[in-house]
Amino acid sequence: MTKREVLLVLHPTRTQAKELAGSIVKTLSAENFSFISSADTGISGVTQVASEQIRQRYGEIELVLVLGGDGTILRGAEQIHGANIPVLGINLGHVGFLAEIGKPSQTEIISAIRDKKYKTEKRMTLAYQVFRGDELVTKGWALNEVTVERSTEAMIELFVQVDHRPLSRWGCDAVICATPTGSTAYAFSAGGPVVWPEVEALVLLPLAAHALFSDPMVIGADSEIAIDVESDEGVLSADGLRKFALKEKDRVVLTSDKSYINLAHIDAAPFTDRLVAKFKLPVDGWRGE
């Protein structure tokens, strides 16, 4: 019988993640499961696989199990981008927007993995390309956001266009372009709106811009955003994980990606409940069910 393979991604410093993972691995390894990880987990029964080899195993991996918070989930998503593999995130820290709201028991986690008792939701991603003259020098993707930001103490000068029409020139700390998933991350802390995950749209906003108009904007998912770098240098950051040094006259082109990340949840709570739990919103006295 073919083994059911699980890719394990752990928060690198939380002992609770390693202890929980060890118990899950021990139980499910006796039930025809195998576990792999790109990191040295030190857990018996987990096989370390080089990051570049994980892509070759996409056809064998059934699930990505992430034990940590939203940041750890981003690292898990990075490893299987482009594959139709569910990512199940178990929250071990503060309430986030990607992992489970609560902390399911070990028994609940094992049961969900064994019996596939989880629901998945598609999350759109963001694609970026960087052109230096006519040459494409790098490309990539993000689940949360792409930022074009300053790399020195001085502000960065950026000229932004939408659908091949000029929008504005900003001297700022950064310009953020976020997906609905990322609208509750960096973009939210910068004053952007909360966008429900099922909405197909992009959030665009400058950070600390010296301009009369610097409000956040919601743009259609089919639009193309181009950002020309008019300073000597800058940095592109995708989800804070992938970075690329920018030079003057570089053009960053942002569009919605054609791929999705499938987030899995044991408790398929609606996004509204996640918002309430994260910010402890006052809902006492609600008369609904």
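**Local features, helix packing and aromatic pairs**

Start at Asp-163. Asp-163 is partly exposed, with a relative accessible area of 37%. Keep in mind that this is a predicted model. Asp-163 sits in the loop between β9 (156-162) and β10 (165-172). Its phi is positive, about 55 degrees, although Asp-163 is not a glycine.

Now go to Ala-208. Ala-208 also is not a glycine, and here too phi is positive, at about 55 degrees. You will find Ala-208 in the loop between β12 and β13 (217-220). Is Ala-208 buried or partly exposed? Its relative accessible area is 47%, so Ala-208 counts as partly exposed.

Helix α3 spans residues 70-80. Which of its residues are buried? They are Thr-72, Ile-73, Leu-74, Gly-76, Ala-77, Gln-79 and Ile-80. What covers them? The cover includes the strands β1 (4-10), β4 (61-68), β5, β7 (135-142) and β17 (251-265). Helix α2 (51-54) is part of that cover as well.

Next, helix against helix. Look at α1, residues 15-29, and α4, residues 106-115. Their axes are 10 Å apart, and the packing angle is about 45 degrees. The two helices are therefore oblique to each other. The crossing of α1 and α4 is right-handed. Which residues make the contact? From α1, we have Leu-20, Ser-23, Ile-24, Thr-27 and Leu-28. From α4, we have Gln-106, Ile-109, Ile-110, Ile-113 and Arg-114. By class, that contact has 6 nonpolar residues, 3 polar and 1 charged.

Now the aromatics. How many aromatic pairs does the structure hold? There are 4. I will take you through two of them.

Pair one is Phe-97 with Phe-279. The ring centres are 6.0 Å apart. The planes are at 45 degrees, and the pair is tilted. Where do the partners lie? Phe-97 is in the loop between β5 (87-91) and α4, while Phe-279 is in helix α6, residues 271-279. The pair therefore ties together parts that are 182 residues apart in sequence. What about burial? Phe-97 has 5% relative accessibility, so Phe-97 counts as buried. Phe-279 is partly exposed, with a relative accessible area of 33%.

Pair two is Trp-196 with Phe-271. This pair is edge-to-face, with 70 degrees between the planes. Centre to centre, the distance is 4.9 Å. Trp-196 lies in the loop between α5 (186-189) and β12 (201-207), and Phe-271 lies in helix α6. So this pair ties together parts that are 75 residues apart in sequence. Trp-196 is partly exposed, at 30% relative accessible area. Phe-271 is buried, at 10%.

Which residues form the aromatic cluster? Phe-97, Phe-188, Trp-196, Phe-271 and Phe-279 form one cluster. Both pairs I described have their residues in it.

That's the tour. Over to you for discussion.

Note on methods. Residues are numbered from 1 along each chain as its sequence is written. This is a predicted model: local features need pLDDT of at least 70, side-chain atom pairs count only at pLDDT 80 or more; totals for chains, interfaces and linings use all residues. Side-chain values use heavy atoms; hydrogens and water are left out. Axes are lines fitted to C-alpha atoms, for helices over the stretch in contact, and angles run from 0 to 180 degrees between N-to-C directions. Helices (H or I, at least four residues) and strands (E, at least two) are DSSP runs, numbered from the N terminus. Angles under 35 degrees count as roughly parallel, over 145 as roughly antiparallel, 65 to 115 as roughly perpendicular and the rest as oblique. A crossing is left-handed if the near helix is turned anticlockwise from the far one by less than a right angle, and right-handed if clockwise. Contact means heavy atoms within 4.5 Å. Ala, Val, Leu, Ile, Met, Phe, Trp, Tyr, Cys and Pro count as nonpolar, Asp, Glu, Lys and Arg as charged, and the others, Gly among them, as polar. Rings of Phe, Tyr and Trp (its six-membered ring) pair if their centres lie within 6.5 Å; planes under 30 degrees apart count as stacked, over 60 as edge-to-face and the rest as tilted. Buried means under 20% relative accessible area, exposed over 50%, partly exposed in between (1.4 Å probe, protein chains only).
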